[in-house]
Amino acid sequence: MTIKVLICDDSNMARKQMSRSLPADWPIEITFAKNGAEAIEEIKKGGQELMFLDLTMPVLDGYQTLEAIRKEDLPIMVIVVSGDIQPAARDRVKKLGAIEFIKKPVDKDKIKSVLIEYGIIDNAGGDNE
Amino acid sequence: MSNITALTEDERDCYQEITNVAMGQAADRLARLLNVYVVLPIPNVNIIERNEFKMTIKSLEDAPSVSAVCQGFIGAGIAGEALLIFNDSSFSDIARLLNYGSEQNTNEELEMLMDVANVLNGACIQGIGNQLDINFSQSHPIVLGQHRPISELLDDKHATWKRTMAIEINYTIKDHNVNCDLILLFTEESVHHMNRLISFLLED
């Protein structure tokens, strides 16, 4: 079954890099959001299951987005993808409910192993090239 | 070679994102050195004329006095300078974080300035280089001036260029009164080279 995946980043290049880094054989429908406010709007439409979320963004940043998701109890899994690799950033997003933190620039293998770890894709899936 | 007058939206976005990753690596180094959390802004990327330079440093324009160091870098046809400008009011907090005594003299402040510059400039320059597959060589940092108004500090230096790409990163430290600007300046020819390099990243 097709999974709906949301990629939220203010950078067009980062959105492209992220979508290219997802396993190629994974049946997904990708929606893009340029900031947290757009992402929240998409999530509220329903059906989104997983979001890759940047932290440093205008309008509504990644932390505020996680807070909004928690406050409104929105049903979505969030993986934070950020260049802010300070341990404090990782701790803070996990406390705010993100299931995982992946550092930028994104690495295909790292993403795949996280998706397997959380049972989002299964290990038997083909190669991502 | 034609003049660079502006970046396309995609080019600006790409430099911003590359800077975002590099400044995150630099912030992580500083955070570990000082045991703090460094607040990361969205970097400003602009092609500017010399007479516009002071206007780009918005975050420090109200600072009564600043201190600054600059450091050149070069590699693969790309050359530039990293300029680190501190609001002088930052030093008492940095001194506390680095366990200096309560009163600083100019030499101690210089030492702190150099320490922070070494961490921030180096990590940021190498971070950008890594993403573009360039190994940048860095020159030693040079003090531009201490305890001077920003207009004076920038007036007598950097007079050889007309137009440059400026990337401005304003670092602040959470719960501490520390404010500094890291400005990366790339020569006009460098921007031509870099635009070619990033075109591979921008391909669909």
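## Helix H6 of chain B

The buried residues of H6(B) are Ser190(B), Val191(B), Met194(B) and Ile198(B). In this predicted model, they pack against five elements of chain B: helix H1 (9-34), strand S4 (78-87), helix H4 (106-132), strand S7 (163-173) and strand S8 (179-186). An α-helix has 3.6 residues a turn, so residues three or four places apart point the same way.

Helix H6 of chain B covers residues 188-202, and at 1.5 Å a residue its 15 residues should span 21 Å. The C-alpha atoms at its ends are 20 Å apart, which agrees with that expectation.

## Contact between the chains

In the contact between the two chains, 19 residues of chain B meet 13 residues of chain A. On the chain B side, the elements that give two or more residues are H1 and H6. H1(B) provides the largest share, 12 residues. By type, the chain B residues that touch chain A comprise 10 nonpolar, five polar and four charged.

## The sheet of chain A

Chain A holds an open sheet of five strands in the order S2-S1-S3-S4-S5, with parallel pairing. Strand S2 (28-33) and S5 of chain A are at the edges, and each has a single partner strand, so one side of each lacks a neighbour in the sheet. From one strand to the next, the twist averages 20 degrees.

Six bridges pair strand S1 (residues 3-8) of chain A with S2(A) in the parallel sense. Within S2(A), Thr31(A) is the bridge partner of Leu6(A).

## Strand S4 of chain A and its neighbours

Strand S4 of chain A runs over residues 77-82; five of its six residues are buried, so the strand is largely enclosed by the rest of the structure. Strand S3 (residues 50-53) of chain A runs parallel to S4(A) and is joined to it by four bridges. Leu53(A) has Val80(A) as its bridge partner in S4(A). Between S3(A) and S4(A) the chain passes through helix H3 (residues 62-71) of chain A, in a right-handed β-α-β crossover.

S4(A) is also joined by four bridges to strand S5 (residues 100-103) of chain A, again in parallel. Here Val80(A) stands opposite Phe101(A) of S5(A). The β-α-β crossover from S4(A) to S5(A) goes through helix H4 (residues 87-95) of chain A and is right-handed.

## Helices across the sheet

Helix H1 (residues 12-20) of chain A lies across S1, S2, S3 and S4 of that chain, at about 150 degrees to S1(A). H3(A) lies across S3 and S4 of chain A and runs at about 175 degrees to S4(A).

How values were computed: Residues numbered from 1 in each chain as written. Chains lettered and ligands numbered in written order. Predicted model: local features only at pLDDT ≥ 70, side-chain atom pairs only at ≥ 80, totals over all residues. Expected span 1.5 Å × (residues − 1). Buried ≥ 20, exposed ≤ 12 C-beta atoms within 10 Å, placed from the backbone. Contact = placed C-beta atoms within 7 Å. Pairing = 2+ DSSP bridges. Right-handed = clockwise from strand over helix to strand, strands pointing away. Nonpolar A, V, L, I, M, F, W, Y, C, P; charged D, E, K, R; others polar. Axes fitted to C-alpha atoms, helices over the stretch in contact; angles between N-to-C directions.
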